[in-house]
Structures are given as structure tokens and as C-alpha cells.
Amino acid sequence: MRPRGTRHAVGASPLDARRHNRPLVLRSIWEGDGVSRAELSRLTRLSGPVITDIVGELLAAGLIREDGQKVSTGGRRATILRMDEQARHVVAVDLARHQTRVAITDLNATVLHQVSVPTSGFLDPRANLRWLQGIISRAINDYGLPRERLLGIGVGAPGPLSTTTGEILAPTNFGAWQRISLRSALEQAFKVTVRVDNDANACALALRMFGPGRTARDFVYLAAGSGVGAGIVIDGEVYRGGHDLAGEIGHATVEPDGPHCPCGNVGCLELYTTVRATLARAMRTLPPATALDELSAIRALIESAHAGNEDAQNALATTARYLAIAAVNAINAFDPHVVFIGRELAAADELILGPVRAVVAERAFTATGRKVPIERDPLGDDTPLLGAASLVLRELFLDTDILGDLMVSSRPVDSNSS
């Protein structure tokens, strides 16, 4: 993450306080990457006995470990506490239009095992769901992950979707995946916590937890791939809006007299800036191809552009010009410290970033806005998987049931209880 927020104990009752203070202490251990009990007390403003009690619980649950001692500056040497990143694992799913990746990660979102396959195109939503469950099971079994060590499943998927129900609503060009309640179906199938979010939001969360978003608390992540969307982070939190629709910039009108979009609007940004739109521009007419072929084709087009092919460069330049409109509008609307561009088209690097920077420098509303940095996603190809894992991992550090359940499952059975 490592997001640094205000730390202090709260709670109207001892039970409330314990529920709040456990993730507070665990987050401080994770952020500190080697802290003592005394340091935890200073960081959290919790008393020594409370820290001792919670640390004991976390040790018993196997979530943290004692890892040597700090060098003494006089007096007793303090024991170092660290997160045990192998204590539990997360299944991270990047459910995209072209391909689906399923990974097993540790508690630091390190990818330990990965399965990548073309996304199912069954016409029956239930068949698609069974397919996804099978891919997840395959990843779990291939890695040899015991189910009791699975913390949860995080899914990044094309929006719009409901984060509350985990239901994919009506994404364009995504076959028969609409109206699938992923969260409830996967929770029922795997008996673990499941979190589902827009893939752009998940990518933004990855940067917030594991990238430069740790210090840039206000930023926009532009996902430019098979679809186009934005993850908006305001004051350290992903902004989803009143109906989970914040960041659906792919369906903002950029050409009022443009062609019809499958969403029902006309001239949508997504018609001009996706992988498919870029390929069509380069090839004049897009030949019949599987979705995975489009990924191979865009990589080849980008390589050709870097090698000096003018047609490829022109195709990317037009994509960049439209993407720049999204960047300018995002800067004017949300006043971020930085805009990151990620997903497949970010591989074009300066062929995309350069034109976007030029337009922002010319057209952003204020002098300050014109200076907002436009950067390539520094986490690279694994950002969607890190983001999907982050949907679950962040809940270890919040006031949720997920950590409390681990505490309950780790308690010894009282032989005197009936």
C-alpha cells in the first residue's frame, strides 16, 4: 500500500475498539516492514498492554512473525515484527474482453502462479460463470493451495458493475457476461470473501497500495485497452460515485456527430481509443480475428511503430489525441496530482504519452492543470492482477469482518465449553 492515514484508537465499547484496533496494528506492521511493539504503540497511540494483546492474537493467527531483534542503542533489544506474507493467499482475477488471467498471490500481492486464457464467449451467462469457476479452481489446484489458506477472491472486470452485489451490468462488447452476479456466485462456490470492481478502479487501487499512489493521494488512472475507463482516487480513496459509475469516461461523447456506440450514445471516446479502434485505424478494416489475436496484433503494431512504421505511428497518434481529451477533462474535473495511463496501449510509451502531454500542456483549464504529470503505469502488465488482489487485501486493514474471522478461526477450542 502503503497508505498512511490517521492512526488512533476508537470505539464505543471494548469490542468495538478491538475490532478497529486489530487492522490498525496489522496495517502499521505491514507499512513499517520491521517494527517493534514500542514503535507500534507510538504509531497507533495504543497502550503497551493493548499492543501486546493484539500482537499476540496476530502471532497466533500466523499473520505476523517475529523476525530477529533491532540493534540496541542502549537497554533491552526490541523484537522486530513483520507481516508473514505467506500466511494466506488471494486469488486475483483480471476478467477482460480479450483474455482472462487468474493468479495466486501472497499478502504482498506478489504473483506466485498465473493462468492466462482467452475469455469465454459462451452465449449463455451461466456457462460463462461455470467457465470462470473452472479456471479459478484450476489455478488453485495447479498451485496446490489448501482452501483453508485462501483469504479471498478479487475480480477486476469491465464496467459498469455494482460493487455491492458484484453484478456485471451492461459493458459494451462483452458478449453474454451482462447481469452475472459474480460476487454471490463465487462466494457460494468457494466459501470465501469475494470482491468485484471495475478494472480501472482495481488498477488505481493497485497503484494506491503498491505504487506511486502511496504518496500521490489524488490521481487518475486511465485504463486504455480493450475498453477505456478511469480509476479516480481522491484523498487516498477510490471514488465510485453514487451509483458505482464514476470513471466511465469511455462513454463520454467526443464526437457529437460520430458513429453510434453499442451503449446507445454516439461518438463515444471508446469508439476511438481502444485496441480494436487503433488496429482498425491502422488496417483500414479490421480482419476477422479472435480476441486474443487482437492482443497479439496490437503488440505487433506497437513494435512496428517503435521501429519507425509511419502507418502504425499515425494510428497510435490519433488514439493518443482522443485519449488526451479524456486526460484534459479528468484534470479539469478532479484536479489530480498526476494522471497515469495503463493497460495494453500504455506499451506504446512515448508514442501515446508524448501527444497526451502536449495536449494537456496546451488545453488544460489552468496553468496548474497544464503542469499535471502524465505518466505510464509504473507497475506494468501485472497491475490488473495486483489490483484484483488489492480488493481483498485492503480489507485486512479496514474495520471489516475478514480479519475478525481469522482471529476466531485461530483461537484454540476451550475444552470446558459446552
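**Ground rules**

I number residues from 1 along each chain as its sequence is written, and side-chain values use heavy atoms, with hydrogens and water left out. Since the model is predicted, local features need pLDDT of at least 70 and side-chain atom pairs count only at pLDDT 80 or more, while totals for chains, interfaces and linings use all residues.

**Entry 1: the open sheet**

I looked up the strand order and found 5 strands in an open sheet, β13-β12-β11-β14-β15, with mixed pairing. My strands are DSSP runs of E with at least two residues, my helices are runs of H or I with at least four residues, and both are numbered from the N terminus. Two strands pair if DSSP finds at least two bridges between them. β13 (237-239) and β15 (374-376) are the edge strands; each has a single partner, so one side of each lacks a neighbour in the sheet. On average, neighbouring strands here are turned by 30° against each other, direction ignored.

**Entry 2: strand β11**

Which strand pairs with β11 in the parallel sense? I find that β14 (residues 338-342) does, over 5 bridges to β11 (residues 219-224). Within this pair, Val220 stands opposite Val339, and Leu222 has Ile341 as its bridge partner.

On the other pairing I looked up, β11 and β12 run antiparallel and are joined by 6 bridges. Val220 turns up again here, with Ile232 of β12 as its bridge partner. The two strands form a hairpin with 3 residues between them.

Next I checked burial, where buried means under 20% relative accessible area, exposed means over 50%, and partly exposed lies in between (1.4 Å probe, protein chains only). In β11, 6 of the 6 residues are buried, so the strand is largely enclosed by the rest of the structure. Phe219, Tyr221 and Ala223 sit on one side, and Val220, Leu222 and Ala224 on the other.

Helix α6 (residues 199-210) lies across β11, β12 (228-234), β13 and β14, and runs at about 40° to β12. Helix α10 (residues 310-334) lies across β11, β12, β14 and β15, at about 160° to β11. For these angles, axes are lines fitted to C-alpha atoms, for helices over the stretch in contact (heavy atoms within 4.5 Å). The angles run from 0 to 180 degrees between N-to-C directions.

I then turned to β4 (residues 99-105), where 7 of the 7 residues are buried. Gln99, Arg101, Ala103 and Thr105 point one way, and Thr100, Val102 and Ile104 the other. β4 pairs with β3 in the antiparallel sense over 6 bridges, and Thr100 is the bridge partner of Leu95. β4 also pairs antiparallel with β5 (residues 111-118), over 7 bridges, with Ala103 opposite Gln114. The β4-β5 hairpin has 5 residues between its strands, and Ala109 in the turn has a positive phi of about 65°.

**Entry 3: helix α5**

The buried residues of α5 (residues 182-190) are Leu182, Arg183, Ala185, Leu186 and Phe190. Their cover includes β3 (89-95), α4 (125-143) and β6 (150-157). Just after α5, Lys191 takes a positive phi of about 60°.

**Entry 4: cysteines**

How many disulfides are there? Taking a disulfide as a pair of cysteine sulfur atoms within 2.5 Å, I count 0. Cys263 is in none; the nearest cysteine sulfur, that of Cys261, is 3.6 Å away. Cys263 is partly exposed at 38% relative accessible area, whereas Cys203 is buried at 0%.
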